[in-house]
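Hi everyone, thanks for coming. I'd like to walk you through one model today, so please have a look at the screen.

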Amino acid sequence: MYWNFANADACRDWGRRLAQVVDMPTVIYLHGELGAGKTTLTQALLQALGVTPPIKSPTYTLIERYATRIGTALHLDLYRLREAEELEFIGIRDHLAEPALWLIEWPERGRGFLPPADLSLTLTILPQGDHQVQWRALHARAERWTERLGLPAASLGVGGADG
């Protein structure tokens, strides 16, 4: 299933809608090239969950922790990770023990050290400049979120959906 976004505002709107259906604990992998909208989507989702401080990409810190209305959220950006083993140095094992909402950008760089995903989102930039998110539910819970998002996507005001 996928949705197209004509602009960043449409991506943020969709992120806010996603925040209304996710529950805890949850692991969401965010795939895509630089500039595809991973951080924009994450920021909108976290803001919709009540995070008020500025939400920055944890490109250099690797992980940022936020208190949300549904519990702890962990935002990881693994773009600068050289080796997955580096996650040990930031105490990844300590985080694995607590229930949280994990939002992981560039998860392929942390393979073997990350919790398994409930939902995988792949963001791409289309030739005409629109952005697209592809939804892949990897857990029954994420399948239910699809239903609760109120498909078809045209009702979301963000373009078309295809299943």
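Let me start with a question: which side chain does the side chain of Q132 join in a polar contact? It is the side chain of N4, at 2.8 Å. By polar contact I mean a pair of N or O atoms within 3.5 Å; within protein, one must be able to donate a hydrogen and the other to accept it, and residues adjacent in sequence count only if both atoms are side-chain atoms.

Before I go on, a word on the ground rules. This is a predicted model, where local features need pLDDT of at least 70 and side-chain atom pairs count only at pLDDT 80 or more, while totals for chains, interfaces and linings use all residues. Residues are numbered from 1 along each chain as its sequence is written, and side-chain values use heavy atoms, with hydrogens and water left out.

Back to Q132, then. Its place is in strand β7, residues 131–137; helices (H or I, at least four residues) and strands (E, at least two) are DSSP runs, numbered from the N terminus. Q132 has 17% relative accessibility, so it counts as buried. The cut-offs are under 20% relative accessible area for buried, over 50% for exposed and partly exposed in between, with a 1.4 Å probe and protein chains only. If we set aside neighbours within four places in sequence, Q132 touches Y2, W3, N4, T122, L123, T124 and L126, where contact means heavy atoms within 4.5 Å.

Now for the rings. Searching the whole structure gives five aromatic pairs. Rings of Phe, Tyr and Trp (its six-membered ring) pair if their centres lie within 6.5 Å; planes under 30 degrees apart count as stacked, over 60 as edge-to-face and the rest as tilted. Because W3 sits in strand β1 (residues 2–5) and W14 in helix α1 (residues 8–21), the pair ties together parts 11 residues apart in sequence. W3 is buried, at a relative accessible area of 0%, and W14 is buried, also at 0%.

W14 has another partner, W135, in an edge-to-face pair with 6.0 Å from centre to centre and 90 degrees between the planes. Here helix α1 holds W14 and strand β7 holds W135, so the parts tied together are 121 residues apart in sequence. W135 is buried, as is W14. Taken together, ring pairs link W3, F5, W14 and W135 into a cluster.
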